[in-house]
Amino acid sequence: MSDNEIRLERNPSPPKLEVLGVYDWPIWRKEVSTFDWTYADRETCYILKGRFRVTPEGGEPQEFRRGDLITFPAGMKCVWEILEDVEKHYDLG
């Protein structure tokens, strides 16, 4: 797996989330919308609710939903399509 790829783990175990400290991370919310985004830093996030699609520049769209643990690489340019209002914990760096 390349450092430029989106990493996804569906429904990680509660002990893993606890070790990562996910529930202490800030929360981000966004309504249904479409927007361009560039990741200045690596972001790891855990989806609490919603459904969305991310299409990396020059890549294939990937869909994410509640229960997904995702890592987006620093420098990635993409388009976000929020299909159902999203709420997620996130950690940068």
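Is Cys 45 buried or exposed? I found Cys 45 buried, with a relative accessible area of 0%. I note here that the model is a predicted one.

I then looked up Cys 78, which is also buried, at a relative accessible area of 6%. How many disulfides does a search of the whole structure find? The search returned zero. For Cys 45, I checked why: the closest cysteine sulfur belongs to Cys 78 and is 11 Å away, too far for a bond. A disulfide would need the two sulfur atoms within 2.5 Å.

Entry two, aromatic rings. I counted ring pairs and the total came to 10 aromatic pairs. One of them is Phe 52 with Trp 80, a stacked pair with 4.3 Å between the centres and 10° between the planes. I looked up where the two partners sit: Phe 52 is in strand E4 (residues 43-56) and Trp 80 is in strand E7, so the pair links parts of the chain 28 residues apart. Both Phe 52 and Trp 80 are buried.

Trp 80 also pairs with Phe 72, and I noted this pair as tilted, at 6.0 Å centre to centre and 45° between the planes. Phe 72 counts as buried because its relative accessibility is 0%. For Trp 80, the relative accessible area is 1%.

Which residues do ring pairs link into a cluster? I listed Trp 28, Phe 35, Trp 37, Tyr 39, Phe 52, Phe 64, Phe 72 and Trp 80.

I checked Lys 30 and found its charged end over the ring of Phe 35, 5.6 Å from the ring centre. I also found Lys 88 over the face of Trp 28, at 4.8 Å from the ring centre. Phe 35 and Trp 28 are both members of the ring cluster listed above.

I placed Glu 87 in strand E7, which covers residues 77-92. Is Glu 87 buried or exposed? Its relative accessibility is 17%, so I put Glu 87 down as buried; the cut-off for buried is under 20%. Leaving aside neighbours within four places in sequence, I found Glu 87 in contact with Ile 27, Trp 28, Arg 29, Tyr 46, Ile 47, Leu 48 and Lys 49.

How values were computed
Residues numbered from 1 in each chain as written. Predicted model: local features only at pLDDT ≥ 70, side-chain atom pairs only at ≥ 80, totals over all residues. Heavy atoms only, no water. Helix = DSSP H or I, 4+ residues; strand = E, 2+ residues; numbered from the N terminus. Buried < 20%, exposed > 50% of the residue type's maximum accessible area, 1.4 Å probe, protein only. Contact = heavy atoms within 4.5 Å. Phe/Tyr/Trp six-rings, centres within 6.5 Å; stacked < 30°, edge-to-face > 60°. Lys NZ or Arg CZ within 6 Å of the ring centre and 35° of its normal.
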